[in-house]
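Reader: I want to learn how to read helix packing. Can you walk me through a case?

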Amino acid sequence: MEREQFIQPEQQREEKPAAAVQLDPQRQQQAREYARIRRRLWLVGLAIAAVGLVALFLFRLDLWLRDLLQPLAWQPLAGWYPLQVAGYFLILLLLYELISAPLTVYRGYILPRRYGLSVQTLGAWLGDLLKGLLLSIVLELAALELIYLLLATQPLAWWLWVALVMLLFSVVLANLAPVLVLPLFYRFTPLPDGELKARLLALAERAHTRVRGVFTMHMSSKTTAANAALMGLGNTRRIVIGDTLLDQYTPDEIEVVLAHELGHHVHGDIWKLIASQSLLTLVALYLINVTLHWLATPQLGYHGLADPATLPLIALVSAAVGLIFMPLGNAISRYLEYQADEYALLTTGKSEAFQSMMTRLANQNLAEAEPAPLVEILFHDHPSIKRRLEHAEAFARRQSRDNLSLARR
């Protein structure tokens, strides 16, 4: 879809008051159903992986697969078997992808189309799936090779080195993702000059945030959902607005969305998230280290810490630690999102636009406005729509009281 087809002239966009935009009861019913199905599918996928890993241990298939790949046991350094590790990883990944293929197709293609969130053809969806799979294979295999190299050469301190490298990689990826990764999946074009672009750049200027420009992300070729972001770090930081947002939201609403994203940069939230995630990764790696020193022994059939047969053990411990820490990570994220909402409200003073924007997004993206408290704690990395609307209403009341107090002076 070309830009002129979806960008409406700004003077023709209807500035609807917040009171005119309400949560759609029918869409909310669909949102609850959609969220419930997605959680169940996530649990099924988790169960498939867990059962598979446990079965490898119970039937000692972990050792059998290592012995099967013995012809690949080349050692460029003593105790490091890069070809055997790669073969082991690819076989396990292929088996999991084959077993879970029906689940993947249903969760990623059939379900979003059923609820009107996806407009992709099956061929286009499979193409994106393949690109994502190849990218994840490259990154995960590189990480595994590093882990096993350090397990062979630094058996006591390997986990510290891995945590440091992963921290550096997180920073590099945050910088390069907008220019190298996302263009593999979406088309980006510069937003034309006009009032909206000027307003967004002025907002960034007031936040003392330098950006490389304002871009349209052509989401409408894949989805009906809307989104916007401030992507990148340093010389790659840019404002990105989904075309599905541009053609349905008022300039005030889009400005509030960007103000929220700028709040993350003003507060240094990207660095806070990288730091918190790195800390959780460090804890996970330490627990993996303890587990390997405890279980990766000749008595249990392993040849040492760097034995490729320990790969299922590493995967199982990583998954368990990730599940345990997931509520904590989500709680940190929800707090940062709340702070970014507060920044958007303070910076723009447009609580009505904020409320109408959040309501439109809930209706359009099938976001469950009021999930069960336990569901929000366990699974949500953003505050619920209901909490965010209440936050904006409370801000509006504070703003009214402050204005009244000033008027009386």
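Author: Start with handedness. In this predicted model, helix α4 passes α6 in a right-handed crossing.

Reader: Which residues of α4 and α6 make the contact?

Author: From α4, Pro 82, Val 85, Ala 86, Phe 89, Leu 90, Leu 93 and Glu 97. From α6, Leu 133, Ile 137, Glu 140, Leu 141, Leu 144, Glu 145 and Tyr 148. By class, that contact has 11 nonpolar, no polar and 3 charged residues.

Reader: How should I read the spacing of such residues?

Author: An α-helix has 3.6 residues a turn, so residues three or four places apart point the same way.

Reader: And the geometry of a pair?

Author: Two packed helices are described by the angle between their axes and the distance between the axes. Take α4 (residues 82-99) and α6 (residues 122-153). Their axes come within 10 Å and cross at roughly 140°. The two helices are therefore oblique to each other.

Reader: At what angle do α10 and α12 cross?

Author: At roughly 120°, with the axes coming within 7 Å. So α10 and α12 are oblique to each other. Their crossing is right-handed. The contact includes Val 256, Ala 259 and Gly 263 of α10, and Leu 336, Ala 340 and Ala 344 of α12. Its residues divide into 8 nonpolar, 4 polar and 3 charged.

Reader: Where does α12 bend?

Author: At Phe 325, by about 45°. A proline, Pro 327, follows within four residues. Helix α12 covers residues 311-348. Just after α12, Gly 349 takes a positive phi of about 70°.

Conventions:
Residues are numbered from 1 along each chain as its sequence is written. This is a predicted model: local features need pLDDT of at least 70, side-chain atom pairs count only at pLDDT 80 or more; totals for chains, interfaces and linings use all residues. Side-chain values use heavy atoms; hydrogens and water are left out. Axes are lines fitted to C-alpha atoms, for helices over the stretch in contact, and angles run from 0 to 180 degrees between N-to-C directions. Angles under 35 degrees count as roughly parallel, over 145 as roughly antiparallel, 65 to 115 as roughly perpendicular and the rest as oblique. A crossing is left-handed if the near helix is turned anticlockwise from the far one by less than a right angle, and right-handed if clockwise. Contact means heavy atoms within 4.5 Å. Ala, Val, Leu, Ile, Met, Phe, Trp, Tyr, Cys and Pro count as nonpolar, Asp, Glu, Lys and Arg as charged, and the others, Gly among them, as polar. The bend at a residue is the angle between axes fitted to the seven residues ending there and the seven starting there.
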